[in-house]
Amino acid sequence: YKLLHILEFDSDRRRMSVIVQAPSGEKLLFAKGAESSILPKCIGGEIAKTRIHVDEFALKGLRTLCIAYRQFTAKEYEDVDRRLFEARTALQHREEKLADAFQYIEKDLILLGATAVEDRLQDKVRETIEALRMAGIKVWVLTGDKHETAVSVSLSCGHFHRTMNILELINQKSDSGCAEQLRQLARRITEDHVIQHGLVVDGTSLSLALREHEKLFMEVCRNCSAVLCCRMAPLQKAKVIRLIKISPEKPITLAVGDGANDVSMIQEAHVGIGIMGKEGRQAARNSDYAIARFKFLSKLLFVHGHFYYIRIATLVQYFFYKNVCFITPQFLYQFYCLFSQQTLYDSVYLTLYNICFTSLPVLIYSLVEQHIDPHVLQSKPTLYRDISKNGLLSIKAFLYWTVLGFSHAFIFFFGSYFLVGKDTSLLGNGQMFGNWTFGTLVFTVMVITVTVKMALETHFWTWINHLVTWGSIIFYFIFSLFYGGILWPFLGSQNMYFVFIQLLSSGSAWFAILLMVVTCLFIDVVKKVFDRQLHPTSTEKAQLAEAHSSVKCLDSVCCFPGETPCASVGRMLERVIGRCSPNHISRLWNASDPFYTNDRSILTLSPMDSSTC
């Protein structure tokens with residue numbers, strides 16, 4: 001068979017055709033598509049029987065297509081070939097002319113039959129959709145399948161439940177009928193508050209609903225637990241995404257697809273995810289993220305998405321905080337230097353504050369922070385609700401970080417100002433602190449405070465976190481000693497010569513540094529403690545449970561019969577954990593069994609025999 005022409009698929013026709021030349025020389029057109037787009041064009045074949053078969057296949061959850069053909073005479077083919085050539089070479093309105101040509105050619109078809117294939121669900125699709133629902137994410141299914149097929153698949157994958165009241169908006173032919181049906185559905189939802197509702201919409205009804213009744217349609221959809229749109233053209237999928245994006249709630253949309261017909265939907269959503277399945281790589285190539293299986297979506301959202309949001313939220317607000325701490329003392333200093341534009345900090349400190357002294361801790365935090373174990377996040381999808389609606393980057397959270405920065409800056413400046421004071425010498429030889437010493441004292445307290453503040457925000461400590469956190473403070477001290485302790489020949493003026501060494505030689509300065517750092521961080525620590533005790537979030541409760549889960553009563557190897565060596569350790573365990581009573585532990589050991597620290601015991605710190613315990 002020689003391929004002569006391809007009549008490409010489009011979302012309006014919902015079918016695709018090819019014109020071929022058979023070995024005998026006759027010209028044939030073969031068309032495939034949904035039964036709604038093929039059967040109306042057919043004039044012959046087993047139409048009624050095929051329609052029954054298609055409905056039966058759809059009820060079983062199979063994906064169906066209808067196949068038809070048309071035989072051209074020589075004169076008909078010449079006309080078809082001429083029309084296609086003129087439409088494809090048109091310089092203006094090419095798409096409209098091609099659509100007209102396709103409609104002219106695809107008529108008077110003879111139905112050959114129907115095909116049905118099983119599009120099996122991947123592993124853990126039901127569990128993943130259920131997890132998304134528990135996380136507070138509303139799931140819509142947009143598919144091109146037949147109504148019966150789509151409903152069957154939705155029930156099998158857990159999108160619809162058997163106990164759910166299924167509402168239908170299908171086979172609507174007019175605007176008035178569609179509006180009346182939408183009002184009836186709205187009344188049914190309002191009258192019944194207990195049952196969960198699911199909505200099924202087909203492509204033609206959706207077109208009518210989106211034309212003049214968007215608000216009413218969105219109101220019905222918002223009150224439904226699950227929405228299923230079937231017989232959807234690719235462009236209709238994108239229109240639905242756009243409608244959700246511009247709704248009053250302004251939700252963040254995420255589209256997941258695995259085929260070329262999902263590309264427009266993936267590109268329209270805020271975040272697009274392509275699944276690299278057997279339908280090609282078009283969806284994966286046009287997406288923001290690509291995954292190999294649908295079940296990986298839960299880890300992508302609940303683990304990586306949660307971590308990245310926490311990291312970015314803290315990163316952005318911490319940068320505001322530490323620069324408010326940096327600039328505010330400089331602003332306050334102008335009131336005490338007669339607005340002479342005298343700088344509080346040395347120019348080298350001004351340059352290196354954000355580049356060297358405070359950059360690495362927040363950088364490593366934003367790369368490796370895990371405020372809770374990944375397995376806990378994946379097993380408890382409800383924790384995702386804590387970061388929904390941009391909770392950590394809200395106005396309230398931003399104002400807290402900003403006010404914290406201003407309060408710390410005031411403590412830095414006025415704490416140092418009252419320490420230095422008037423007619424006060426903090427050095428053993430009676431000399432006074434000068435302008436650069438005062439500024440260096442403020443800068444030193446600031447570097448230590450903002451670095452330790454980052455340490456307070458860190459939950460996941462690795463060796464690199466310790467290295468950059470405490471290393472940044474040590475590097476600042478070493479750099480300042482070298483910078484101010486040597487006369488560098490390439491520097492034109494060296495205002496900081498011996499300033500830092502003189503500052504550290506004062507015991508009062510050391511005490512002031514310690515006092516101001518503790519005062520600044522004490523406020524933050526108290527707030528964190530009270531928030532965790534009085535209004536803990538689900539994530540904070542999970543953190544507490546995770547911290548306690550590694551120590552259990554049964555992990556102890558001691559029996560605590562009352563002997564002195566174990567009684568004291570047992571009482572300590574009781575106090576620390578608050579839930580393990582040594583009297584309830586009933587493990588028995590032979591006298592020959594040695595106890596070692598790797599026996600998962602938190603009581604035995606060195607080898608001992610069982611008689612000791």
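A cavity here is a set of grid points where a 1.4 Å probe fits but cannot get out. Keep that in mind for the first exercise, and remember that the model is predicted.

**Exercise 1. Find the largest cavity and work out what surrounds it.**

Step 1: start with the search. Going over the whole structure turns up one cavity of 30 Å³ or more. The volume of the largest cavity is about 40 Å³.

Step 2: The lining is made by Pro361, Tyr365, Met454, Thr458, Trp461, Asn465, Val468 and Thr469.

Step 3: Two or more lining residues come from each of α15 (359-368) and α19. The largest share, three residues, belongs to α19.

Step 4: sort the lining by class.

**Exercise 2. Take Asn465 from the lining: is it buried or exposed, and what does it touch?**

Step 1: Asn465 sits in helix α19, which spans residues 463-485.

Step 2: check the accessible area. Buried means under 20% relative accessible area. Asn465 comes in at 3%, so it is buried.

Step 3: look for contacts beyond four places in sequence. Asn465 touches Ile364, Val368, Thr458 and Phe460. Thr458 also turns up in the cavity lining.

**Exercise 3. Pick out the buried residues of α15 and say what covers them.**

Step 1: go along the helix. Ser359, Pro361, Val362, Ile364, Tyr365 and Ser366 are the buried ones. Two names from the cavity lining, Pro361 and Tyr365, are back again.

Step 2: see what lies over them. The cover includes α13 (296-333), α14 (347-357), α18 (435-457) and α19.

**Exercise 4. Now move to the open sheet of four strands: what is the strand order, and which strands stand at the edges?**

Step 1: read off the order. It goes β7-β10-β9-β8, and the pairing is parallel.

Step 2: find the edges. β7 (140-142) and β8 (165-169) each have a single partner strand, so one side of each has no neighbour in the sheet.

Step 3: Ignoring direction, neighbouring strands are turned by 15 degrees against each other on average.

Step 4: zoom in on one pair. β7 and β10 (residues 226-230) are joined in the parallel sense over three bridges. Val141 has Leu228 of β10 as its bridge partner.

Step 5: α6 (residues 147-156) lies across β8, β9 (197-202) and β10, and runs at about 150 degrees to β10.

Technical notes:
Residues numbered from 1 in each chain as written. Predicted model: local features only at pLDDT ≥ 70, side-chain atom pairs only at ≥ 80, totals over all residues. Heavy atoms only, no water. Pairing = 2+ DSSP bridges. Axes fitted to C-alpha atoms, helices over the stretch in contact; angles between N-to-C directions. Contact = heavy atoms within 4.5 Å. Buried < 20%, exposed > 50% of the residue type's maximum accessible area, 1.4 Å probe, protein only. 1 Å grid on protein atoms, 1.4 Å probe; cavity = no way out; pocket = protein on both sides within 12 Å on 5 of 7 lines; lining within 4 Å. Points joined across faces, edges and corners; volume = space filled by probe spheres on them.
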